[in-house]
Each structure stands twice: as structure tokens, then as C-alpha cells.
Amino acid sequence: MLKPTAVRRDLRLRPVRPAGWWFDALLLVGFGALTLALAGGALLGLDLAVREWAYAHHPAPIYWTARVFNFLGQGGWLLMPLAGALAVAVAWRSRTVRPLLLLAGAFVLLYLTVGPLKVLTDRAAPSSDLPPTQSVRIFNNLPPTEYDLSYPSGHVANAIVWYGVMAVLLTALTAGRLHPNVHRLIRFAPPAILLVTTTYLNFHWLTDGVAALLLGVFLDRLLHRVPWDDIPLPRRLRDWDRPFTSYP
């Protein structure tokens, strides 16, 4: 009796747009250049000017609208549970554990990059009680009780990565019938909203959000390159080893 032959999986990276690694390198160079500029004292005046403008323009209706929209970037109790629920739904419908790999990949990438960078750069928030010329600095020597995790903005980076994941999962859940305009809205609207709201509410400096955009897009491109359908899985998961991804 012949034994079943295992299907050979092609582990070539998936294409992204724009294609090639030049754009990824540009994003990293931009992030590094921005960080070095801030460390050298450049752009701090811009951050302070935006902070003062935001504090001077806080009418209640606009302020509370911004507070509500800012919840779109809450990773712990909104984005990860929502992405997790979509991953479980796709996994159950397609009889595959592979959506959970995408979920884990997003979590690991964010955990290994955004968190350590926040600790390393040691930057206070614009709402800090410290003198503005001290709180705006990057690579600061802040007191132990001071919030020091502003750079880069976790809200903006979370939005880019997690809404990108959810767009992939929704496309899979709808069997590729998710309209391209809806797909683009899910991916691009939340990061843009969060860049504006976190800056306007003085939760983050303007350059915190710009840095998160550069880093978040880089991480999103890495996730989209991974051939999630082709990663080898243990034989005991053979009954739950089916493709699921469907990119527009």
C-alpha cells in the first residue's frame, strides 16, 4: 500500500507593492534619519509648536470626537481581540490553523520592535508636567515615575499592522469578495485618523506619529511578504493545513 505523498510547499516570498526591497530600505533610512535628527535637536521646535497649537484649539466637541476616534488604535483590548476573532472565524471556516500564524507573526513583530524602541528612546509625552524643552527630547534621562514611552507612537504602528492583518482576514472570510475600496479604507483610514488624533490630543509628539508610520509600513510589508499558506506545519495538523490567504 502506497503512503500518501506530502505536498511540497514553495516558500518564495509573496509580492508587495511597490515591489522590491528598495522601498523597505527607504522606510528604514527615513526612520533612522528622523531619529538621528531628533537626537541632534532638529525638529524639536516643530514638535513644540504643534503641541502648543493643539492645546490652544481644544473645543469640547472636537476634543471628544478625537478621543472617541483615538480608541481605534487600542491594541490590547480592541485590535488584538478583533483580529483574533477574525482569525478564529477564518480558521474554522477554512479548516486551517494558518490564520493564527499570521496573528502570531503580527504580535511578535510589534513586540520585538515598537516596545524596545520606546524603552530605548526614553521620550516623554507632550502632556508631561516636565518643562517642554526637556520633555520633547529623545534619548532623555527621565525620572523613574515619568511616562517615557512616546517614541514611536504605538497607536499608529498598531493601526498599520493590525488593520492590515484584519484586511487580509476579512478578504479570506469573504472568499475574496471584499471590495478593493473597502480593503483600502480598512488599511489606510485608521492610521491616518490616529496620526491626527494622537497628535491633536497631545498623547504623542508629531514626530512620534511620523516615525510610527515609517516603521509600521515596513512591518506591514514584512508580514505581507511571508507565504503564510506555505510554511511547513507538523504532520499532526495535516487535517487543519489548508491555504487561506487571498490578497486583492
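Q: Is D122 buried or exposed?
A: Buried means under 20% relative accessible area, exposed over 50%, partly exposed in between (1.4 Å probe, protein chains only). D122 is buried, because its relative accessible area is 11%. The model is predicted: local features need pLDDT of at least 70, side-chain atom pairs count only at pLDDT 80 or more, and totals for chains, interfaces and linings use all residues. Residues are numbered from 1 along each chain as its sequence is written, and side-chain values use heavy atoms, without hydrogens and water.

Q: What is the phi of D122?
A: Most residues other than glycine have a negative phi. D122 has a positive phi, near 55°. D122 sits in the loop between α5 (98-121) and α6. Helices are DSSP runs (H or I, at least four residues), numbered from the N terminus.

Q: Where is L43 placed?
A: L43 is in the loop between α1 and α2 (44-56). L43 also has a positive phi, about 70°, and is not a glycine. L43 is partly exposed, with a relative accessible area of 37%.

Q: Which residues does a cis peptide bond join?
A: Most peptide bonds are trans. A cis bond links R17 to P18, with omega about -5°. P18 belongs to the segment before α1. Another cis bond links Y151 to P152, where omega is about -5°. P152 is in the loop between α6 (132-135) and α7.

Q: Which residues does L169 touch?
A: Contact means heavy atoms within 4.5 Å. Leaving out residues up to four places away in sequence, L169 touches A83, L86, A87, V90, P99, L102 and F244. L169 lies in helix α7 (residues 154-173). L169 is buried, because its relative accessible area is 0%.

How values were computed:
Helix = DSSP H or I, 4+ residues; strand = E, 2+ residues; numbered from the N terminus.
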